[in-house]
Amino acid sequence: MRGQTRQGLRSPGRQQGTRRRALPAAAAVAIGVMALGALAPPAASVARPDAVQQSLNALVRDDGMPAALASVKDRDGRTRTYTAGLGNLATGAPVPVDGQVRIGSNTKTFVAVVLLQLVAERRMDLDATVDTYLPGLVRGEGIDGRRITVRQLLQQTSGLPNYSDHLGDDVRYYAPCELLAIALQHPADFAPGTSWKYSNTNYVLAGLLVQKVTGRPLAEQIDRRIIKPVGLRHTYFPAPGDASIREPHPHGYYRESADAPLRDITEIDPSWGWAAGQMVSTSSDLNRFLRALLAGRLLPSAQLAQMRSTVPAEATFGSGSRYGLGIVSRPLPCGGLSWGHGGSFPGYETRGGATDDGRAANVVVTMQLTDEAGRMDLERAVDAALCR
């Protein structure tokens, strides 16, 4: 984070829109130097850890993560869960197996699915302009909602500036329209459809479109259309003012600088992420969601094919990566592609994906990664899980 306590919801693999943030007093408890030696999980340990456990151990031992946890599902549907490190540095409590975490930009995939369901219901058109549904709302320097399509929002090709690069230092509740207004104070990054750049503003606007077309809150639509049908029992969109995490969870941490003490920032108002990154889930629930999505349980084949129509996104997501409509394809070292998103939110970093043959894995660490080596180690942990 390079000196930030809260930063833009950045895409996996590269830092996006970092900025200095103030911590709420309750979250600014210095942890100091604690032992991070709890590596293999306390239960079901084996004499020689497998590749996934070894990867998690390395994230704690070598990259200094307070904790790492993962859930892996093989093509036959069998699930294994892993933990390393400590779930609470102040108490020394173990990492909750498959604990809840803030999933950051993984939220974007949920939002894209809801919007594509509305397209399948003929209530929206991917190639209609934003002004078709929200007339006059999107105007700014080089910005015109009459020229930006719904597809361009979902694929990050709209040119809208990233609001999370420009938030102030106050940690408070933000209404979605406030986030959009912040973005519109700044000029467009490029003309719609002429380039690609990751911007959280695209998904705030996508969430507003869902609410306009359905007449219902975005959180309700995600719950009704995805969470309940798929059986995601540990996934939710926090209500306004809800700064806690409901179920057992590892604490999330922040470090001001390399030699500064860790600070517990588990409790934080997530509203500044909204449709771009507000949700809470578990690694197992994310696996279940991605498997259901790729299996065609959430979208008709036409809309799923549109979602998987990609453009290059290597500058943000790494070599060979491509961005679809709220989903990322990434080549695996063992062959084939994984499909997912990944997310970053103060205190947590999530990477993962699923394959067309039913494999799925998600790995979480309990501190945002700011260095390239750490990010590569996290991605290698995902590769180890999907290629095991």
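How many disulfides does the count come to? The count comes to one disulfide in this predicted model.

**Stop 1: the disulfide.** Select Cys334 and Cys387, whose sulfur atoms lie 2.0 Å apart and form the disulfide. A disulfide is a covalent bond between the sulfur atoms of two cysteines. Look along the S-S bond of Cys334 and Cys387: the angle about it is -70°, and the link is left-handed.

Cys334 is in the loop between β12 (328-331) and β13 (337-340), while Cys387 is in the segment after α12 (372-386), so the link ties together parts 53 residues apart in sequence. With the surface on, Cys334 is partly exposed at 44% relative accessibility, and Cys387 is partly exposed at 27%.

**Stop 2: another cysteine.** Select Cys177. Its relative accessible area is 46%, which makes Cys177 partly exposed.

**Stop 3: strand β2.** Select residues 67-73. Seven of the seven residues of β2 are buried, so the strand is largely enclosed by the rest of the structure. Colour the side chains by direction: Ala67, Leu69, Ser71 and Lys73 point one way, and Ala68, Ala70 and Val72 point the other way.

**Stop 4: the partners of β2.** Ala67 has Gly85 as its bridge partner in β3. Five residues lie between the strands of this hairpin, and Gly77 takes a positive phi near 90°.

Definitions and conventions. Residues numbered from 1 in each chain as written. Predicted model: local features only at pLDDT ≥ 70, side-chain atom pairs only at ≥ 80, totals over all residues. Heavy atoms only, no water. Disulfide = S-S within 2.5 Å. Helix = DSSP H or I, 4+ residues; strand = E, 2+ residues; numbered from the N terminus. Buried < 20%, exposed > 50% of the residue type's maximum accessible area, 1.4 Å probe, protein only. Pairing = 2+ DSSP bridges.
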